[in-house]
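Hi everyone, and thanks for coming along. I'd like to walk you through one structure today, going from ring pairs to helix packing and then to a few single residues. Please have a look at it first.

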Amino acid sequence: MFDKDSLLRQLHELPFHQKEYWVVAGGAMVLHGFRAQTHDIDLGCSTHLADQLEQQGYTVLRCDDGTRRIQYSENIEIFENWIEGTVEMINGIPVVCADGLIQMKKKLGREKDLADVVLIEKARKCKLEINALSDPTPRKEPAMTYTLKNGKTVTIRKPSVQDAQSIIFIMSTAYTETPFLAREPGEFCKSVEEEESIIQNKCNDEDSSWFVAEYEGKLVGQCSVGLVRSSLRYRHRAQVAFVILKKYQGLGIGGKMMQECIRWCEDKKITQMELDVVTTNEKALAMYRGFGFEVTGTVPNALRYADGTCADEYIMIKRLQ
């Protein structure tokens, strides 16, 4: 049996990149706090990781839909492309979101899975009621206002639950505007309730932070920064990521968000910032280099598009004093 602590220890030992796998089923129930223990660990994974594991000789079974089920160890099974909803980070581990977990359980349709759905929904309702009693007024987060090169201002601040719809619009729109992000157009499909839940969880996460950019009265971008892993040997490293709507690129908004990410890292005594960027994304590369990031490696075929073509990504690092 795995409780949350033993589960996290096991997961942090996995040699997989965070973008290549995510925790599902019982493990996700434990990490979300819906259950105290799980008998085993089920993971979803990308096709790229499934290919690697099959090439390495792990036992592979084919599911009815043609995807692969991989026996990684006595306690860990990995399922190719098994995902509903989106993935969020919990204690430095990628985990299917609560809404996605509910969808997966409903699709399985077994008695125990439907019982888990009831358990999740009751736990979420209870949590909202407790939050409402303990903190009935929204917490005000500090915001920074900057003057841009066009003379107008942008405010960089933490998101609130009231921003959920705007954040959904930013992400769903951005995926149609650029090939440099992680998802295909139409693949991002969060509900407002799901986004609100993610915002609430992020506000209480000491190992990561999240900023939105407000320009001319509306949100036009967002960025995230957080520990690569929560283990002691990794707590000097943080990963950053940015999204800005195309219409508002080139104004300096990304640079202001980067300043807030750097400030957060300095406050947390982090000494190394990291990011991934498609090798042909010249505008982003120019900004990152301007902030002192250096290319330290290349991931070939990091992204595979719907038409079968691929894109490489640079790994970039900035060292902080």
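Let's start at Phe242, which counts as buried because its relative accessibility is 13%; buried here means under 20% relative accessible area, exposed means over 50%, and partly exposed is in between, with a 1.4 Å probe and protein chains only. Before I go on, a word on where this comes from: it is a predicted model, where local features need pLDDT of at least 70, side-chain atom pairs count only at pLDDT 80 or more, and totals for chains, interfaces and linings use all residues. Residues are numbered from 1 along each chain as its sequence is written, and side-chain values use heavy atoms, with hydrogens and water left out.

Now, what does Phe242 pair with? Rings of Phe, Tyr and Trp (its six-membered ring) pair if their centres lie within 6.5 Å; planes under 30 degrees apart count as stacked, over 60 as edge-to-face, and the rest as tilted. One of the pairs is Tyr215 with Tyr248: the ring centres are 5.7 Å apart and the planes stand at 70°, so this pair is edge-to-face. Tyr215 sits in strand β10 (residues 208–215) and Tyr248 in the loop between β12 (237–244) and α8 (253–267), so the pair ties together parts that are 33 residues apart in sequence. When I say helix or strand, I mean DSSP runs numbered from the N terminus: H or I of at least four residues for helices, E of at least two for strands. Both Tyr215 and Tyr248 are buried.

Back to Phe242, whose partner is Tyr288: this aromatic pair is tilted, with 6.1 Å centre to centre and 40° between the planes. Phe242 lies in strand β12 and Tyr288 in helix α9 (residues 282–290), so the pair ties together parts that are 46 residues apart in sequence. Tyr288 is buried as well, with a relative accessible area of 9%. And there is a cluster to look for too: ring pairs link Phe16, Tyr21, Tyr58 and Tyr72.

On to the helices. The axes of helix α1 (residues 4–12) and helix α2 (residues 25–32) come within 10 Å and cross at roughly 120°. Axes are lines fitted to C-alpha atoms, for helices over the stretch in contact, and angles run from 0 to 180 degrees between N-to-C directions. Angles under 35 degrees count as roughly parallel, over 145 as roughly antiparallel, 65 to 115 as roughly perpendicular and the rest as oblique; α1 and α2 are therefore oblique to each other. Who meets whom? Lys4, Leu7, Leu8 and Leu11 in α1 meet Gly27, Val30 and Leu31 in α2, where contact means heavy atoms within 4.5 Å.

Helix α2 has another neighbour: its axis and that of helix α4 (residues 98–108) come within 11 Å and cross at roughly 145°. Here Ala25, Ala28, Met29 and His32 of α2 make the contact with Ala98, Leu101 and Lys105 of α4. Buried residues of α4 include Ala98, Leu101 and Lys105. Gln103, also found in α4, is partly exposed at 35% relative accessibility. Not counting residues up to four places away in sequence, Gln103 touches Glu84 and Gly85. Just after α4, Gly109 takes a positive phi of about 70°.

Glu260 lies in helix α8 and counts as buried at 7% relative accessibility. Leaving aside its neighbours within four places in sequence, Glu260 is in contact with Met144, Tyr146, Ile156 and Phe211. Leu320, in the segment after β15 (310–319), is buried at 11% relative accessibility. The C-alpha atoms of Leu320 and Ile262 are separated by 8.6 Å, although the two are 58 residues apart along the chain. Ile262 is also one of the residues that Leu320 touches.

Last stop, the backbone. Lys269 is not a glycine, yet has a positive phi of about 60°. Where is Lys269? In the loop between α8 and β13 (272–278), and exposed, with a relative accessible area of 67%. Asn301 also has a positive phi, near 55°, but lies in strand β14 (residues 294–304) and is partly exposed at 46% relative accessibility. Thanks, and over to you!
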